[in-house]
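Biologist: I am new to this structure and would like to go through it with you. Could you put it on the screen first?

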Amino acid sequence: MIGRVMVVDDSLMVRQQVSRALTDAGFTVVEAHDGADALAKLTDAKDTALVVLDVNMPNMGGIELLESLRRLDDFKTLPVVMLTTEGQPGLMQRAKALGAKGWIIKPFKTELLVAAVHKLTGAS
Amino acid sequence: METLHDQATAFTEIQEYLVKATADLFERYRMPVKHSFGGTVDTSGQSVMAVIGYAAGNMRGALLLLTARSIVDKLRPEELRNVRAPDDVVLRDVLGEFSNMLLGRVKLRLSTRGVVPLVTTPTTIIGEGLQLPAPTSGVSAWHRFSCPDGELFVRLDATFDADFVLLPERPITTPPADEGVMVEF
C-alpha cells in the first residue's frame, strides 16, 4: 500500500475505472458518490494522500467540495486532481485558485491518471 | 437573434458540434458511428435513455441519448463486468456518463462562441418503447448514428431568447489539453 486516494464521482463507471487502475498500482482507494459523501468520509480518513474529484455531481459538486475542504485545517493543502467532462477555462481557474493540482478531461487514460497520482503523491 | 434564419443558423452550428462530438466520442470507445438523416427513432425492445438539461443566460434545452440495451452493454467497460450492482443500474450509469461526456464536448465548443451553459446531472431510464415528448417551445432535432451493432439516436432541444448570439469562434487560450492528459496547475 503506497497511499490512500479518494475518488469522488457520481458515476459508478468512472469510480470503478479509477479505483481499479489505482488499486492495481498499489494505492488504497476510497470511493464517494458526491461531495457531501466525500466530506463525511474524509473526516474518517485524514491520512488521504490525494482526491480525484469530479465537478458536476448532485448534492455537492466538486468545486463546492474543494471550497469546503480549504476551509478545514486538516484539508487546506490536500492535493486534488479534477477529473471531469468540463473544460471551461473559468472553472479551471476557479479550481486552480482553490489549490487544485491538476485538471483532466474525460474520457481519461488510466495510465496517465495513475502517473499523475504517482507524481502528485510522491509515491513510487 | 432577430430572424428565423438567425435561429436556424445558430441551431445548425450547435448541431454540427453535436454530430462531430458524438462521432469522436464513440470512436474513442472503439465503436465508430456514422451519422445519417431521416429514418424513424426505433424504441422497440429494451432501450436505455439518458437526458441532460442545460441552461445558459439566453438559451436552454436538453440533450437526449437513446439506444438499445445491447449497445450500452457493449460500451460497458471491463471494470463494470463484475460489480455488485444490478445490470440496469450499471447500464443506466454507463449511458448517463456518455451523455455527460457528449454534452461536455459540445459545451467546450460553445464556450469558444461566448456561450457557457450550466448542465444538470443525467437522468436515465431503461424500458420498452421509451419516448420523451418534443418540447413545446424552441427547436428540436434527432440525429441517427449507425454502428455495426445497431443504431443510437441523439436529440438536441434548444430554446433561444431574443438576445442570444453565437459570437465568432475564438481560440481557447487556456488549455484544455488533450482529453485524458492532465493540465498541471
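Biologist: In what sense do S2(B) and strand S4 of chain B pair, and over how many bridges?

Modeller: S2(B) and strand S4 (residues 118-119) of chain B pair in the antiparallel sense, over two bridges. Helices (H or I, at least four residues) and strands (E, at least two) are DSSP runs, numbered from the N terminus, and two strands pair if DSSP finds at least two bridges between them. In S4(B), Leu118(B) is the bridge partner of Ala55(B).

Biologist: Before we go on, where does the model come from, and how are things numbered?

Modeller: This is a predicted model, in which local features need pLDDT of at least 70 and side-chain atom pairs count only at pLDDT 80 or more, while totals for chains, interfaces and linings use all residues; side-chain values use heavy atoms, with hydrogens and water left out. Residues are numbered from 1 along each chain as its sequence is written, and chains are lettered from A and ligands numbered from 1 in the order in which they are written.

Biologist: Back to S2(B): how many bridges join it to S5 of chain B?

Modeller: Six bridges join S2(B) to strand S5 (residues 123-128) of chain B, and the two run antiparallel. Met49(B) stands opposite Ile125(B) in S5(B).

Biologist: And what joins S2(B) to S3(B)?

Modeller: A hairpin does, through three residues. S2(B) and strand S3 (residues 59-68) of chain B pair in the antiparallel sense over nine bridges, with Ala68(B) in S3(B) as the bridge partner of Ser47(B).

Biologist: How many residues of S2(B) are buried?

Modeller: Strand S2 (residues 46-55) of chain B has eight of its ten residues buried, so it is mostly covered. Buried means under 20% relative accessible area, exposed over 50% and partly exposed in between (1.4 Å probe, protein chains only).

Biologist: Where does Asp42(B) lie?

Modeller: Asp42(B) lies in the loop between strand S1 (34-36) and S2 of chain B. Asp42(B) counts as partly exposed because its relative accessibility is 44%. Its C-alpha atom is separated by 8.1 Å from that of Gly129(B), 87 residues apart along the chain.

Biologist: One last topic: why is helix H3 of chain A described as largely enclosed?

Modeller: Helix H3 (residues 62-70) of chain A has seven of its nine residues buried, so it is largely enclosed by the rest of the structure. Among the buried residues are Ile63(A), Leu66(A) and Arg70(A). What covers them includes strand S1 (4-8) and helix H4 (89-97) of chain A.

Definitions and conventions: Contact means heavy atoms within 4.5 Å.
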